[in-house]
Amino acid sequence: AVGFHQPGSIRIASTPTRVDEFKYQMTRVGWHPTEQYLITPEKVQELFPLLNMDMVLAGLYNPGDGHIDPYSLTMALAAGARKYGAQLHYPVQVTNLNCRSDGTWEVETPHGTIRAKRIVNAAGFWARDIGKMIGLQHPLIPVHHQYLVTSTVPEVKALKTELPVIRDLEGSYYLRQERDGLLFGPYESEEKMKLQDSWVTDGVPPDFGKELFEPDLDRIMEHIEAAMEMVPVLKKADIINTIAGPITYSPDILPMVGPHQGVRNYWVAIGFGYGIIHAGGIGKYLSDWILEGEPPFDLIELDPNRYGKWTTTEYTAAKARESYGFNNIVGYPKEERFAGRPTERTSGLYDLLKSKCSMGFHAGWEQPHWFYKPGDETGYKPSFRRTNWFHPVGREYKQVMEKVGVIDLSPFGKFKVKGTDSIKLLDHLFANVVPKVGSTNISHMLTPRGKVYAELTVSQVCPGEFMLVTGSGSELHDLRWIEEEVVRGGYKVEIENVTDDVGVLGVAGPYSRQVLQKLTTEDLGDDSFKFLQSRHLKLSDIAVTAIRISYTGELGWELYHRKEDSVALYSAIMEAGQKEGIDNFGTYALNALRLEKGFRAWGAEMNCDTNPLEAGLEYFVKLNKPADFTGKQALRQIKEKGLKRQLVYLILETDDVDPEGNESVWHNGKVVGNTTSGTFSYSAQQSIAFAYVPIELSRVGQKLEVELLGRNYPATIIQEPLVLTESTRIRLQRKGQSPKM
């Protein structure tokens with residue numbers, strides 16, 4: 001018996017923006033098995049007859065939701081674990097952790113030492129103390145959360161069925177039936193909420209267990225009043241109990257789950273701001289990963305390695321305040337949250353650019369999303385529809401397509417790999433061939449089941465020495481996988497993470513060669529510096545590693561240099577490009593450019609839920625290379641069996657709303673797939689998107705629909721790409737063909 005009540009739950013919308021948010025969420029739920037409905041005020045009242053309906057515009061209803069007794073559930077899971085042979089020792093304090101040279105652990109306790117192949121830190125608000133034992137500063141902080149319980153409410157007692165849980169988002173509280181009364185818990189604003197920060201500096205008091213904090217009703221009074229307004233029977237109810245206890249928050253409110261980079265066989269399941277709701281799912285997810293050697297599905301959002309040395313205690317506290325206070329704010333697309341920013345992790349150009357653009361946050365870094373010009377409406381103006389950045393991004397798109405643009409790409413994750421076994425290691429890790437000296441390629445690390453664990457650019461800068469580059473959010477996620485393979489295979493290599501020391505500038509557009517050529521004696525012509533070649537050279541006397549590659553798909557270079565040279569290099573390039581009309585561009589324009597070219601992105605078109613064949617990455621997967629790379633056998637089997645779904649390229653007929661990924665794709669009144677990313681194409685002047693659909697619906701010309709904000713818009717599969725890359729256009733011109741733009 002676990003005290004499980006399943007009356008469903010309803011999120012209440014009392015503003016038109018909230019209704020948009022619910023529609024935005026509904027298209028994301030369509031292609032998942034979770035049952036969820038957008039319901040009318042009449043249906044809301046039928047399910048929860050005690051509401052003040054003056055304030056209700058719509059409800060988001062989850063019939064399977066409910067509440068459970070955490071203590072009973074914990075004891076039931078413990079009983080089940082014992083039944084299958086687990087040993088439980090409690091209450092037992094861990095006094096020390098010792099990692100042995102073979103990667104196994106000694107867990108020291110007052111009752112003796114336990115030897116283990118691996119350890120999982122699932123220690124709740126003690127998790128930080130456990131981490132400190134091995135030199136890790138887990139970014140966790142306890143937050144005070146209060147809820148109130150009333151005595152019997154006659155109107156509740158008279159009901160025939162249990163009330164659903166409601167979440168009044170504008171009032172920022174949840175409320176449910178508790179026996180014949182009501183229970184409600186508010187989330188107060190970041191100014192009023194309280195952190196238990198002494199536990200961060202001094203550790204959790206040794207005797208703290210089931211104790212509670214002193215309640216403080218003044219702090220939550222406005223939420224109590226909002227609840228009384230929404231559920232009028234509360235006004236006459238007596239509060240018989242106020243509970244105040246600790247909840248552990250991570251900076252972004254999401255837990256940290258999985259193996260930790262930099263420490264062998266150390267796993268975490270920590271930072272659960274919503275506690276018991278995740279228990280069974282996380283237990284299964286972790287045990288599947290431990291047994292199979294790869295995650296059962298993609299949960300990169302919960303990767304503990306999304307944080308790093310830049311995640312200071314001050315940052316954690318500022319973000320936890322914000323996350324708690326923002327618990328019920330509107331969740332917009334392209335959301336930015338500003339507490340704790342900037343971190344110590346800024347690029348060399350941050351001070352120069354910060355007043356000229358709207359910055360986005362990427363793994364601790366600040367990176368320009370789009371740039372301001374006189375007459376623009378500046379600042380962060382989130383919306384479910386096209387907003388203040390829409391026209392400026394079009395301007396930046398045109399800049400790169402017609403002239404030359406510069407972008408700060410410093411947040412890329414960057415690793416140097418060298419040593420006698422470097423070629424052997426990379427040949428085993430990557431599905432592509434190892435590039436020759438002076439060359440670069442796009443390579444993918446696959447899991448044993450043939451899923452896409454990561455995408456990197458690999459350059460052999462000199463014999464046996466490589467530079468690996470990955471997206472900002474994947475830095476430690478990818479590094480951990482590589483380091484684990486080094487240990488497993490006993491490879492003689494050195495790996496250096498140079499992410500924070502190396503700046504990157506992207507220069508792209510038809511005049512990019514003309515501008516850069518003014519700064520160097522090296523010949524940058526097409527015959528001497530080919531596409532996907534890399535070399536060391538000097539630009540305006542500044543040493544750079546230049547790679548002829550650009551995610552824009554236009555003529556361009558990525559310039560890797562010492563971070564302290566960023567301002568000088570940027571200034572020299574901007575000065576040299578005056579005649580060509582050089583200007584900045586940001587990541588929003590970059591996204592539009594890459595989607596028009598049909599370039600995939602890791603985390604969208606490919607991840608641990610997709611294989612490279614269905615993602616259209618065959619070109620980068622060399623099944624016939626001699627090395628037995630990870631995932632090779634699984635891919636052969638996948639190819640033999642045939643694909644069930646395929647990534648397709650869609651053009652959409654929309655109005656003032658564009659796809660961005662994770663929307664439901666419809667055919668004949670049924671959801672058949674999902675988009676992975678999307679944007680407005682400034683070339684075609686309409687929306688485009690990538691989507692996964694069943695193989696039988698994947699042919700060019702197939703008519704489909706994509707759901708955006710509660711409406712299904714017509715979509716057609718077209719031949720990709722919409723715009724050919726610069727290198728392809730040049731090749732076709734040489735053959736005397738006219739390339740499409």
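The end C-alpha atoms of residues 645–723 lie 24 Å apart, and this span is 0% helix and 58% strand. UniProt lists these residues, in an unreviewed entry, as "domain: Aminomethyltransferase C-terminal". Such annotations may be inferred rather than shown by experiment; the positions follow the numbering used here, and feature names are shortened. Helices (H or I, at least four residues) and strands (E, at least two) are DSSP runs, numbered from the N terminus.

This is a predicted model: local features need pLDDT of at least 70, side-chain atom pairs count only at pLDDT 80 or more, and totals for chains, interfaces and linings use all residues. Residues are numbered from 1 along each chain as its sequence is written, and side-chain values use heavy atoms, with hydrogens and water left out.

**Backbone exceptions**

Most residues other than glycine have a negative phi, and most peptide bonds are trans.

| Site | Backbone value |
|---|---|
| Tyr90 to Pro91 | cis, omega near -5° |
| Glu720 to Pro721 | cis, omega near -5° |
| Asn265 | phi near 60° |
| Asn668 | phi near 50° |

Pro91 sits in the loop between helix H3 (70–83) and strand S4 (96–99). Pro721 lies in the loop between strand S33 (711–717) and helix H18 (726–734).

Asn265 is in the loop between strands S13 (256–259) and S14 (266–270). Asn668 is in the loop between strands S29 (664–667) and S30 (670–681). Buried means under 20% relative accessible area, exposed over 50%, and partly exposed in between (1.4 Å probe, protein chains only). Asn265 is partly exposed, at 28%. Asn668 has 70% relative accessibility, so it counts as exposed.

Tyr90 is in the loop between H3 and S4. Its relative accessibility is 51%, so Tyr90 counts as exposed.

**A buried helix residue**

Val393 belongs to helix H11 (residues 390–402). Val393 is buried, with 1% relative accessible area. Leaving aside neighbours within four places in sequence, Val393 is in contact (heavy atoms within 4.5 Å) with Trp370, Tyr588, Ala589 and Tyr682. Val393 and Ala589 are 196 residues apart along the chain, yet their C-alpha atoms are separated by 5.3 Å.
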